[in-house]
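Work through the exercises below with the sequence and the 3D view side by side. Try each task before reading its solution.

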Amino acid sequence: MRWGTELGHFLTPAPEKIKILGPAEAPVTRLKNEFRYQFLIKAASRRALNELLRRAQEFVRERKWSATALVIDVDPLTLL
């Protein structure tokens, strides 16, 4: 949860016209001995969303988190 909390603090406050829900436990909380949390990000424009996601990726890289620490799914078919 620490990484989810750190990323949540980084994303707060949300940029204008972007709504961020989470971090919250993923429906499958633990998978292969890793705990999973998710954010739901809603944006009025694709450009604003892409910029926010790019900044989140940079945040994760700067902290040298594992390659699987951040998985981004744009337009998911399901939240499971």
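**Exercise 1.** Find the salt bridge that E51 forms, and give the distance between the closest N and O atoms.

*Solution.* 
- Start with the rule: a salt bridge is a side-chain nitrogen of Lys or Arg within 4 Å of a carboxyl oxygen of Asp or Glu.
- The partner of E51 is R54, and the closest N and O atoms are 2.4 Å apart.
- Helices here are DSSP runs of H or I with at least four residues, strands are runs of E with at least two, and both are numbered from the N terminus.
- Now check exposure. Buried means under 20% relative accessible area, exposed means over 50%, and partly exposed is in between (1.4 Å probe, protein chains only).
- E51 is partly exposed at 36%. R54 is partly exposed too, at 35%.

Before going on, note the ground rules. This is a predicted model, in which local features need pLDDT of at least 70 and side-chain atom pairs count only at pLDDT 80 or more, while totals for chains, interfaces and linings use all residues. Residues are numbered from 1 along each chain as its sequence is written, and side-chain values use heavy atoms, with hydrogens and water left out.

**Exercise 2.** Which residue pairs with R2 in a salt bridge?

*Solution.* 
- R2 pairs with E6, with 2.9 Å between the closest N and O atoms.
- Both sit in helix α1 (residues 2–10), four residues apart, about one turn of the helix.
- R2 is exposed, with 54% relative accessible area. E6 is partly exposed, at 24%.

**Exercise 3.** Where in the chain do D75 and R46 lie?

*Solution.* 
- The side chains of D75 and R46 form a salt bridge, 3.0 Å from N to O.
- This pair links distant parts of the chain: R46 is in helix α2, D75 is in the segment after α2 (46–62), and 29 residues separate them.
- D75 is exposed at 55%, whereas R46 is partly exposed at 44%.
- The whole structure holds five salt bridges.

**Exercise 4.** How far apart are L80 and P27 in sequence and in space?

*Solution.* 
- L80 lies in the segment after α2. Its relative accessible area is 73%, which makes L80 exposed.
- In sequence, L80 and P27 are 53 residues apart; in space, their C-alpha atoms are 5.6 Å apart.

**Exercise 5.** Describe the chain as a whole: its elements, its radius of gyration and its buried share.

*Solution.* 
- Count the elements: two helices and two strands. From the N terminus, they run α-β-β-α.
- The radius of gyration is 13 Å, close to the 12 Å that the globule rule gives for 80 residues, so the chain is as compact as a globular protein of that length.
- That radius is taken over C-alpha atoms, and the globule rule is 2.2 Å times the number of residues to the power 0.38.
- Along the principal axes, the C-alpha atoms fill a box of roughly 35 × 30 × 20 Å.
- Buried residues make up 16% of the 80 residues.
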